[in-house]
Amino acid sequence: MSARGSHKTLLQFQGVHKAFGQRKVLQGLDLEVYEGETFCIMGPSGCGKSVTLRHAIGLMKPDQGVVTVEGHDMSSITKPDLRKLRSRMGYVFQEAALLNWLSAGDNVALPLRETTQMPDLEIVERVRAKLELVRVPDAFDKLPSELSGGMKKRVGLARALITDPEIILYDEPTAGLDPEISSSINHLIRELGERLKVTSLVVTHHIGCIKTVADRVGLLDGGRLHYVSTPTEFLASQEPRLVRFLGDRLD
Amino acid sequence: MLKMLREFLADVGFHLELFAQVLARLGAVVTRRELVLDQLYQAGIRVTHVVLLVGLFIGMIVSLQTGLELARFGQQDQIGTIVALSMCREMGPFITATIMAATVGSAIAAELGTMAVSDELTALEVMSIDRLRYLIVPRVVGLAVMCPLLTVLCNLIGVVGGGFIAESQLNVGLSLYYDSAIDSLTGTYFVFDLPKDVYSGLFKSFVFGVIIAVIACGAGLQATSGAMGVGSATRKAVRDSIIAIIIANYFLSWIFFQA
Ligand SMILES: Nc1ncnc2c1ncn2[C@@H]1O[C@H](COP(=O)(O)OP(=O)(O)O)[C@@H](O)[C@H]1O
Ligand SMILES: [Mg+2]
């Protein structure tokens with residue numbers, strides 16, 4: 001599996017600390033994601049998974065430490081550079097975060113309509129292609145309220161993919177979905193990684209997810225990443241903390 | 001007490017900053033025509049019937065209450081003047097603004113608040129879409145334009161309602177009523193051929209529209225997660241905008257009629 005990843009680091013956290021008031025969330029987080037790989041972060045609810053992703057796309061700045069994406073220090077990046085960088089990144093939100101008054105097609109088209117001069121005919125064509133890619137071709141004219149949870153996730157994924165990003169951040173792509181749909185989403189993520197050669201950072205608390213998608217995985221606990229390894233090693237590990245965490249999940 | 005004052009000042013500062021940012025992006029009115037039109041529709045068409053209904057009854061109330069008093073002194077012929085002036089100067093702008101705050105303002109706060117707590121605003125940021133141009137400017141312009149327009153409607157229907165009462169309850173003929181109403185509005189101060197009583201009222205309602213929109217947008221953007229967050233943002237928007245409207249009303253009236 002790791003054959004897919006070269007060893008060029010695209011995304012790096014070095015000693016990142018982040019606190020909200022008294023609540024210390026990240027406490028010296030180190031993380032390296034290589035070009036072309038899918039890195040999974042596992043961890044219980046509230047351990048700071050979303051906070052980590054928000055740092056990776058510059059929505060939050062570390063109190064201490066450095067976050068680098070494609071060589072840019074996210075604390076000091078200029079606005080135009082951040083714009084350019086973000087157009088090459090996709091963020092798949094936990095609850096999809098589609099604008100509820102726009103149809104699925106218009107939601108997916110939004111980044112192109114708002115930030116490029118592309119003619120509308122071409123935009124629509126691309127939107128249809130992306131909806132096809134995530135296997136919800138019929139969603140084009142539907143409002144988010146008319147879509148199921150799994151379909152919303154797929155549309156959110158299509159929106160993240162519309163600018164053909166090189167890095168995709170997934171926030172709990174399978175949370176709240178039933179096992180069958182979860183599994184199909186996981187296979188989709190895997191396929192996107194392989195076909196589009198994207199680099200992905202996936203946060204999840206589902207074992208099924210890491211089994212299918214991860215090249216490497218680590219456990220986020222106490223504000224740091226532990227036991228970074230391949231999924232096979234990770235799941236077979238006898239580390240007490242990991243066994244306890246995974247034991248909870250297997251039930 | 002000191003803490004409350006500090007929070008109040010911080011809140012005022014936040015909204016003033018938001019207003020300044022909107023002003024700096026007013027060019028979006030031209031580039032985002034379709035969004036502005038949609039907000040004009042949202043702010044206008046949806047509440048027109050409420051404004052008409054309430055305006056009619058306000059005119060009737062003013063006519064009845066003051067008319068009965070005037071009748072005791074045999075002055076009921078003046079009722080047209082009284083209704084027209086109070087509708088144009090105070091009742092029309094204030095009642096319309098209150099209705100707008102309770103309907104359009106609360107809807108804006110709820111809508112933006114929902115977007116804030118469901119990561120939709122974050123999604124816009126990640127996609128490098130300026131939420132001020134995309135969401136806020138159209139809403140501020142929508143209310144700033146619709147508030148005076150609906151005030152005109154409110155004034156007109158209020159005068160009509162007053163006339164209905166004048167004729168049926170006070171035995172003042174309709175032609176006398178309308179003559180005195182129109183006479184009263186033809187003063188010596190003209191701006192664009194509008195009497196001061198009318199344009200001061202319309203200017204006030206323009207300011208009220210801006211106040212409602214900025215407060216509602218601010219409350220929505222500041223909403224924090226959980227359904228409670230959206231609920232309290234909505235309440236805060238309505239409460240604060242009505243307070244701000246009343247205070248602004250006093251100062252604007254003072255500037256127009258006293259200074
Ligand atoms: N913007 C914020 N302000 C204050 N606290 C926050 C904020 N974002 C996250 N937190 C806190 O940080 C902790 C981790 O949150 P999060 O990363 O969302 O957890 P999860 O691992 O479930 O995604 C939580 O305790 C949360 O309350
Ligand atoms: Mg989360």
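By class, 14 nonpolar, one polar and five charged residues line the second largest pocket; here Ala, Val, Leu, Ile, Met, Phe, Trp, Tyr, Cys and Pro count as nonpolar, Asp, Glu, Lys and Arg as charged, and the others, Gly among them, as polar. The model is predicted, with local features needing pLDDT of at least 70 and side-chain atom pairs counting only at pLDDT 80 or more, while totals for chains, interfaces and linings use all residues. Residues are numbered from 1 along each chain as its sequence is written, chains are lettered from A and ligands numbered from 1 in the order in which they are written, and side-chain values use heavy atoms, with hydrogens and water left out.

A pocket is an open set of points on a 1 Å grid over the protein atoms alone, where a 1.4 Å probe fits and protein lies on both sides within 12 Å along at least five of seven lines; lining residues have an atom within 4 Å of a point. The second largest pocket holds about 660 Å³ of space, a volume being the space filled by probe spheres set on the points, which are joined across faces, edges and corners. Its lining has 20 residues, and B:V12, B:I211, B:I215, B:D240 and B:A244 are the closest to its centre. Two or more lining residues come from each of α1 (2-24), α9 (196-222) and α10 (227-257) of chain B. These elements are DSSP runs numbered from the N terminus, with helices (H or I) of at least four residues and strands (E) of at least two.

The largest pocket has a volume of about 1100 Å³. Among its 31 lining residues, A:L59, B:L121, B:T122, B:E125 and B:R131 lie nearest the centre. Elements giving two or more residues to this lining are α2 (79-87) of chain A and α5 (79-117), α6 (120-126) and α7 (131-169) of chain B. The lining comprises 13 nonpolar, eight polar and ten charged residues.

Helix α10 of chain B also holds B:F251, which counts as partly exposed because its relative accessibility is 49% (buried means under 20% relative accessible area, exposed over 50%, partly exposed in between, with a 1.4 Å probe and protein chains only).

Side chains of opposite charge can pair when their charged atoms come close. A salt bridge is counted when a side-chain nitrogen of Lys or Arg is within 4 Å of a carboxyl oxygen of Asp or Glu, and the whole structure has 29 of them over all chains. In one, A:K130 pairs with A:D164, with 2.7 Å between the closest N and O atoms. This pair links distant parts of the chain, 34 residues apart: A:K130 sits in helix α4 (residues 120-133) of chain A, and A:D164 in the loop between α5 (149-161) and β7 (167-171) of chain A. A:K130 is buried at 14% relative accessible area, whereas A:D164 is partly exposed at 44%.

In chain B, B:E7 and B:K3 form a salt bridge with their closest N and O atoms 3.7 Å apart. The two are separated by about one helical turn, because they are four residues apart in helix α1 of chain B. B:E7 is partly exposed at 48%, and B:K3 is exposed at 56%. Another salt bridge joins the side chains of B:R239 and B:D240 (2.9 Å, N to O), and B:D240 is buried at 17%.
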